[in-house]
Amino acid sequence: MAPMSTVFQLEDVLYHILDNLSTKVLDQVARVNVTWNRVVKKIKQNRKLILWCYYNESKPGGVEEQIGQILGNLTSEPHFALIFGSVGLKNVKVSVPPLSSLSGTRCLPRAVKREQITFSCYLERTLHPSSRMIGIVANRITAIRLSSKQDGVSASCLFLPKLDGVDIYQFNLGNTFDVGLTKATFSAKTGIPDNKHPKLILIFWRGFPYSDGLHFVHKILNICGDVVIAGSFVNLLFTDTTFINLQNQNQFYKYVPVRVGVGFCGGSDLRVTSVVIQADKKSEELVEAELARLKADHVPEKCSVAFLFCSNSRLSRQSFAGKGNGESVESKVFNKLFPDVPLFGFSEDAEIGFDSLAKQM
């Protein structure tokens with residue numbers, strides 16, 4: 001038997017070799033033996049990267065080239081995925097080999113006819129089985145580094161790993177107007193433990209009036225106290241099928257009133273701040289003055305992600321900075337102030353926001 005020091009040296013060498021592999025390949029080589037499995041676990045524990053990618057129908061290659069290849073070569077295993085897509089995304093089909101009914105694995109492409117599946121089903125099949133997902137389909141999406149026309153089909157995908165000191169809880173509050181949300185029932189209905197305090201809650205709904213959404217937000221504020229809440233009415237929703245049991249997993253979860261949310265809990269390692277840009281502040285100068293408040297609050301730009309939920313009323317021609325790429329004033333100014341922070345979001349009717357700096361809705 002080799003001395004323990006020799007074993008550890010071999011594991012160090014193996015670590016440096018396997019560390020060059022994607023998470024998909026790591027899952028395969030972890031089955032070699034106990035040692036390889038132990039090394040793979042150590043590599044995954046040290047990979048805590050926030051990753052993202054974009055899809056745009058106007059760019060060369062389809063979903064498989066723009067997103068599939070990236071997902072197949074992820075260096076960090078996603079724990080939670082948040083997808084923002086434009087309305088036309090529901091009509092996007094991806095051609096894939098069908099899953100084997102016996103093994104649950106892909107059939108060889110030449111063995112059988114390929115099947116057409118929706119964008120949401122494609123993501124669920126491609127992501128790691130342990131990954132959770134919420135997708136929002138809205139009038140128009142916002143994403144820095146994504147140039148798309150207003151009527152183009154596009155999507156932005158944000159992949160969050162299981163970060164130390166940060167817990168992410170995905171919840172579904174059903175399709176009834178009165179969910180009976182109180183301090184006593186909050187944990188049971190959201191899955192957020194009583195000993196965890198949410199710092200950010202993103203809430204998305206369809207089929208409910210704006211007044212109901214506003215009333216719901218006030219309930220959360222009364223229960224949680226110091227928490228940032230943001231979200232909006234959306235056109236369609238889709239999730240992983242383990243979260244909402246769809247009758248047909250190849251369909252979007254649509255035409256049914258529903259509220260879904262994501263709670264972010266953490267200690268000092270998680271910091272959340274927000275501003276609300278009022279409807280009358282549309283010029284670049286006024287928008288910059290509002291977003292500069294975030295800069296003055298010394299928001300760390302490394303390891304940060306930003307969300308922008310915008311009203312359709314702001315998307316008039318006057319609110320666009322460029323003619324060809326459809327970049328809004330808000331995203332242009334944000335990119336100017338925070339060039340290293342990825343921005344995700346969308347525009348729809350009835351958005352909700354909380355100004356954490358002014359402590360008001």
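Reply: A crossing of two helices is called right-handed if the near helix is turned clockwise from the far one by less than a right angle, and left-handed if it is turned anticlockwise by less than a right angle. The model is predicted, and therefore local features need pLDDT of at least 70 and side-chain atom pairs count only at pLDDT 80 or more, whereas totals for chains, interfaces and linings use all residues. Residues are numbered from 1 along each chain as its sequence is written, and side-chain values use heavy atoms, with hydrogens and water left out.

The setting comes first. The protein contains nine helices and 15 strands, where helices (H or I, at least four residues) and strands (E, at least two) are DSSP runs numbered from the N terminus. Of its 361 residues, 46% are buried, that is, under 20% relative accessible area with a 1.4 Å probe and protein chains only. Contact means heavy atoms within 4.5 Å; among contacts between residues at least 6 apart in sequence, 79% link residues at least 24 apart.

Two packed helices are described by the angle between their axes and the distance between the axes. Axes are lines fitted to C-alpha atoms over the stretch in contact, and angles run from 0 to 180 degrees between N-to-C directions.

Angles under 35 degrees count as roughly parallel, over 145 as roughly antiparallel, 65 to 115 as roughly perpendicular and the rest as oblique. From α4, the contact involves V63, E64, I67, G68 and L71, and from α5, F119, Y122, L123 and T126. By class, six of these residues are nonpolar, two polar and one charged. Here Ala, Val, Leu, Ile, Met, Phe, Trp, Tyr, Cys and Pro count as nonpolar, Asp, Glu, Lys and Arg as charged, and the others, Gly among them, as polar.

In another pair, helix α8 (residues 284–296) packs on helix α9 (residues 329–337) at an angle of about 45°, with the axes 9 Å apart. At that angle, α8 is therefore oblique to α9. The crossing of α8 and α9 is right-handed. On the α8 side, E284, V287, E288, L291, A292 and K295 take part, meeting V329, E330, K332, V333, F334, K336 and L337 of α9. The contact of α8 with α9 comprises seven nonpolar, no polar and six charged residues.

Conventions:
Buried means under 20% relative accessible area, exposed over 50%, partly exposed in between (1.4 Å probe, protein chains only).
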